[in-house]
Amino acid sequence: MNKRENGLGCFLIVLATVITAVEYFIFLAIRDNSTLFSYVTPMAPYNLILVIASLVYVAGFTIIDIKKDFGYLSLLTFWVYLLHPAIMMVLFLIEEAAFKVPYLEIGNSSPFLIGTGNSILVYVLSFVFGHVIEKCSSGKK
């Protein structure tokens with residue numbers, strides 16, 4: 001039963017990744033068609049698709065039997081929430097300078113790879129800096 005549950009969890013994670021890729025391809029297909037893009041309210045369908053993908057990700061990670069306790073990560077969510085926009089802006093400014101691409105165009109050339117890479121970097125860095133802040137602030141008590 002445990003292998004079956006882990007297999008289902010892995011399948012759901014892969015499915016969520018495919019849904020996210022489909023979202024990028026839909027964006028690429030209609031972004032240059034101004035009539036269609038403005039008619040469907042810019043970004044609204046993408047948000048719905050990403051919400052569905054997020055729910056499938058959560059379901060997949062919930063089903064997988066992970067022996068490690070990740071409770072500490074939930075304590076860092078406040079810091080992640082505060083740090084997330086700042087880290088994202090700094091990362092995009094660094095990429096703008098490195099790749100000579102305007103800030104708002106970061107990821108448009110290869111949105112699936114760069115967008116996924118940036119998402120992973122931003123979340124990992126947010127948790128790392130959140131951990132550092134938590135350790136520094138808990139040492140003062």
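This report describes the fold, surface and selected residues of a predicted protein model.

## Basis of the model

Because the model is predicted, local features need pLDDT of at least 70 and side-chain atom pairs count only at pLDDT 80 or more, while totals for chains, interfaces and linings use all residues. Residues are numbered from 1 along each chain as its sequence is written, and side-chain values use heavy atoms, with hydrogens and water left out.

## Secondary structure

The protein chain contains 6 helices and 0 strands; these elements are DSSP runs numbered from the N terminus, with helices being H or I of at least four residues and strands being E of at least two. From the N terminus on, the order is α-α-α-α-α-α.

## Burial, surface and contacts

Of the 141 residues in the protein chain, 23% are buried. Buried means under 20% relative accessible area, exposed means over 50%, and partly exposed lies in between (1.4 Å probe, protein chains only).

The protein chain exposes about 10,000 Å², and carbon and sulfur atoms supply 74% of this area. Accessible areas come from the Shrake-Rupley method with a 1.4 Å probe; for residues, only the protein chains shown count as cover.

A contact requires heavy atoms within 4.5 Å. Among contacts with a separation of 6 or more, 76% join residues 24 or more positions apart.

## Selected residues

Thr 20 lies in helix 1 (residues 2-30). Thr 20 counts as buried because its relative accessibility is 14%. Leaving aside residues up to four places away in sequence, Thr 20 touches Leu 50, Ala 53 and Tyr 57.

Cys 10 is partly exposed because its relative accessible area is 42%. Cys 136 is also partly exposed, at 48%.
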